[in-house]
Amino acid sequence: MDTPSKLNYISLSEFLARLGVPDTAITEKLHRGLEEFGVNGRMPVRNEFLLVMKALLNNDPVSVRDLFLDDMHYRYFERFVANKGIAKISEVIISPHYLGIASKRSMDDPFCGSYVLGINDFREGLFINEVPRLPHHTVVYNAPDHEYELGVATDYDFKALFGYSKDLLSSCTISLGDEWRQLFRVQGEIVFGVSKYSIESLVKDRYRGALSRYLTYLVIDLLHGLLLDHGITMTDMAINELRNEARFITIRLPPFSWGKIDEYEITEILRYILGKYFKIESVMGMEIVLEVLDMKVHLTVSINPDNNEIRIYTRLDNLESTPLFDTIVNDLIRSIEETINAGRESRVHAGNHEIELINATPLNFVYEPPIRPRYLPPINIEIYEPNTYIVTPKTVIRVRQTQHGEKEFKFDDTYLLQIQTTNIAPCYVWRRNLLAIMNLLPDHETITRRLYEEYRRILHETKTQLIKT
């Protein structure tokens, strides 16, 4: 990263004074009320932010065009921030390396929002993001002429808004120390969520649902087999539904049957069939509790005449204390360890950043359990979390992007890594897409203006209709 010169910084007091904040307000707010938040008048802030504010006050966005990282970032600023004029600004928040600007909310303005300008971490230049809201801040001054609120925050407040806690500005070895989890911004909008990791807790805690679903599937398979022995059959559709949601058995009957059958009679039939093979612990109303494969199984009968079906809902208890659960967990742990030791290389993209991962194991495992269903189609236990990896001291990760260069990261221990991005407003991507498409079309300024006017017309008609209603 280019090291910014001291000329690129001015003090917070000077920044405020040059925006016309009276000395009395600066003295009172900065020297008395803000020190407890780690802010004082000597705090350095980037001089570019003063130039941006002057451009807004003078309605002269072109004067700061060269300050932006590229034309796309400038055009976003010009179209969605400067285009409103200072009269449409409601909040301005300053910190050493971020400038937050919020526009006044209006039904007539489709592009009102909250925006953050910051400094690129590889080479000098301003970027702009749109965010759902601006961070917590301390109000310093309310500008009477332009009716906007001027506040002060810390860089930490803006980082928390973006969803991370620490910047990694150069290649390094990542360590959590005593922390259980940290969120590191490694390049541009790319964030590494790094957590302490144990294979056993990963399998038992994070994937208990997948294990429970498979064991429920086995119990339903047994129940299905017993019902078949007594002439009761599930439809093919009901069997296929079980592959996606193993919670209940569905038995369909003709529509004229419902005057002769109720839930209690079905429950009694189930108790009779199951009592031949399993220990029935209790029958209460329409619920049967029994022991199957050392698990406590709750079966609840429900009838839905509208769909011509009987459903037998299945719920399992005390899974962790059963030998079958332990067998599957131990096999799954062994399978994951073998995959980690095998090592692999992969490349993924997050936005326009390329991420190369060497000896990082993606959390994407398909496990075939030792006990298979007898009557239902076979299924596997699948463990998958997108963009999540097991990393070790052997792992090397390289992150590349044209505007940000290349960085290399290693780890001092075995961790769970989630690759994610900073928090931004969903409309930020939509509006960048609009700018990119409009820029590729002939006479794009005219087309953009027509789109804007059409959007305002629709909003006006909607508001008018709401008022009439």
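Me: Which residues in α7 meet which residues in α9?

Reply: L223, L226 and L227 in α7 meet L270, I273 and L274 in α9, where contact means heavy atoms within 4.5 Å. Keep in mind that this is a predicted model, where local features need pLDDT of at least 70, side-chain atom pairs count only at pLDDT 80 or more, and totals for chains, interfaces and linings use all residues. Residues are numbered from 1 along each chain as its sequence is written, and side-chain values use heavy atoms, with hydrogens and water left out.

Me: Why are α7 and α9 called roughly perpendicular?

Reply: α7 (208–229) and α9 (263–275) pack at an angle of about 100 degrees. Roughly perpendicular covers 65 to 115 degrees, so α7 and α9 get that label. Their axes are 11 Å apart.

Me: What makes I199, L202 and V203 in α6 count as buried?

Reply: Buried means under 20% relative accessible area (1.4 Å probe, protein chains only), and I199, L202 and V203 in α6 (199–206) are buried.

Me: How do you know that the buried residues line one face of α6?

Reply: Seen down the axis of α6, they fall within an arc of 90 degrees, so they line one face. The arc is taken from the directions from the helix axis to the C-beta atoms.

Me: Why do β10 and β18 stand at the edges of the sheet?

Reply: The strand order is β10-β23-β22-β19-β18. Pairing takes at least two bridges found by DSSP. β10 and β18 each have a single partner strand, so one side of each is left without a neighbour in the sheet.

Me: What makes β10 and β23 a pair?

Reply: Three bridges join β10 to β23, and the two run parallel. I174 stands opposite F411 in β23.

Definitions and conventions
Helices (H or I, at least four residues) and strands (E, at least two) are DSSP runs, numbered from the N terminus. Buried means under 20% relative accessible area, exposed over 50%, partly exposed in between (1.4 Å probe, protein chains only). Axes are lines fitted to C-alpha atoms, for helices over the stretch in contact, and angles run from 0 to 180 degrees between N-to-C directions. Angles under 35 degrees count as roughly parallel, over 145 as roughly antiparallel, 65 to 115 as roughly perpendicular and the rest as oblique.
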